[in-house]
Structures are given as C-alpha cells and as structure tokens.
Amino acid sequence: MRFQSIQPQRRRLADEVYEQLIAAITAGDIGPEDRLVQEKLAADMQISRTPVREALMRLEQEGVLEVSKRGSFRLYRMDDQEVRELYQSRAAVEGQCARILASRQDPADIEALREIVRREEALTESTARAYFEANRKIHRAFVEAAGNRFLLEMFDMIWGKAMAFHLFATIEKIDLAQSLGAHMELVDVIASGDKTQALEVFTDHIHDGFNLQIEALHSEE
C-alpha cells in the first residue's frame, strides 16, 4: 500500500489561516459585503498562497464561504429553505433530548439546567457574539444532559460552524434580546415529566427562533 508524503508545515499554516478566518467571521470583521482574495490574504499574513487557498476551500466545503464570479470568496448566504432545514434539524435533535430528559425527570439535571439558564441569561454585554454564545451554551446544556453522544455530535455540527454565528448575527438588525428568553419554560416542561409536551414546547421554541431569523434576513433586503 502506497501513501503520499505528508507536509506538516503546510498543513499547520493552513490550519492557522482557517482559525484566523473563523475568528474574523465570528468577530464580525468579515461581513457579507467583504470579498476574500487569496493573494491579498497571503500578503497580509506574509505567507504563500497555498495554505490560504486550502483554508478558503475548506470553508467553502463547510458551507461558510462561496466563490464569487471574480474568483474571490464571500460569506455564503442561506436561502429561506436552507434556514428552514437548519432549524428543522435543530428541532429534531433538541426535541428528542427534551423527551429523554422529561422521561428521566432527574432533579439534579433540572436544577443544573436552571442554574445554567440563570447564569447565561445574565449578560454583561449586548453583542451578537455574547447572545450567540449564551444561546448556544443553554441549548447545548440540554443536549449534553440527555447523555446521548450522537445527538451531542449532531448538535455541535449544527451550532459549531462559523456559518451558524454569521446567520445568527443577522438578528442584531431586529432585536437580539428576542433571541434570549423563555428558556426557563423549557426547564419547567422537562420538570413536568410530560414527554409529549416537552417535545412540543421545544419545537415551538425553535420555530419561534426560525421566524425571528427569517425576519432578520429579509430586513437586509
């Protein structure tokens, strides 16, 4: 069996470029109107174009970037159907976790979830990043508490991309405060032990987030 040689230095540089681009997107330094040109990025970072191209192609494959007509890259804009599918996936994962937690009805889990909601909703700054992280940590706590590693992996795949933050950040044009709230109601329905109601409440909560997201996206038009 023959394998190709590995070039660790080039791969390390590509990973560093990738991380820098992710950080710039989540910080809002790269926006929808920005164009990413590999030659310029390479010059700014003082490296060759190869690791920059690899990082850009990786972000394109992950659905974060798309190639523009002139060969540069820009943030990918989801259409309404793609956003719907994303939120439907969230509802499937988080709704099932709600059923698991409601059937277990563990007092320790319930109290831990209440504490996380209280802590994360007590924001000290009103930035898109702060709201995104608070929402992600709260929702991830429910999934993690369910104790199913496969559901947790799916959750992280949905929420972990830079695209997830870029999409969420559009809510800033509406009212970020609307994205954070009603989470204690989610804990309450789990505490009730009603699996069917838990699924419905979680699904409705995520659907409300979808409607808010669609409103924000169309406000850009």
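Start with helix H10, residues 195-219: this helix gives the most to a negative surface patch, with three residues. Helices here are DSSP runs of H or I, at least four residues, numbered from the N terminus. The model is predicted: local features need pLDDT of at least 70, side-chain atom pairs count only at pLDDT 80 or more, and totals for chains, interfaces and linings use all residues. Residues are numbered from 1 along each chain as its sequence is written, and side-chain values use heavy atoms, without hydrogens and water.

Select Glu185, Asp194, Glu200, Asp204 and Asp208 next. Together they form the negative patch. Like charges are joined within 9 Å, placed at CG of Asp or CD of Glu. Asp208 sits in helix H10.

Now the aromatic rings. There are four aromatic pairs, with ring centres within 6.5 Å; planes under 30 degrees apart are stacked, over 60 edge-to-face, the rest tilted.

Show Phe132 and Trp159. Their pair is tilted, at 5.8 Å centre to centre and 35° between the planes. The pair links distant parts of the chain: Phe132 is in helix H6 (residues 128-146) and Trp159 in helix H7 (residues 149-159), 27 residues apart.

Phe155 and Trp159 are stacked: 5.6 Å centre to centre, 20° between the planes. Both lie in helix H7, four residues apart, about one turn of the helix.

Which cluster do Phe132, Phe155 and Trp159 form? One aromatic cluster. Phe132 is buried (under 20% relative accessible area). Phe155 counts as buried because its relative accessibility is 1%. Trp159 is buried too, at 8%.

Notes: Patches are made of residues with over 30% relative accessible area and no salt bridge: like charges are joined within 9 Å, nonpolar side chains (Val, Leu, Ile, Met, Phe, Trp, Tyr) within 5 Å. Accessible areas come from the Shrake-Rupley method with a 1.4 Å probe; for residues, only the protein chains shown count as cover. A salt bridge is a side-chain nitrogen of Lys or Arg within 4 Å of a carboxyl oxygen of Asp or Glu. Lys and Arg count as positive and Asp and Glu as negative; His and the chain ends are not counted. Helices (H or I, at least four residues) and strands (E, at least two) are DSSP runs, numbered from the N terminus. Rings of Phe, Tyr and Trp (its six-membered ring) pair if their centres lie within 6.5 Å; planes under 30 degrees apart count as stacked, over 60 as edge-to-face and the rest as tilted. Buried means under 20% relative accessible area, exposed over 50%, partly exposed in between (1.4 Å probe, protein chains only).
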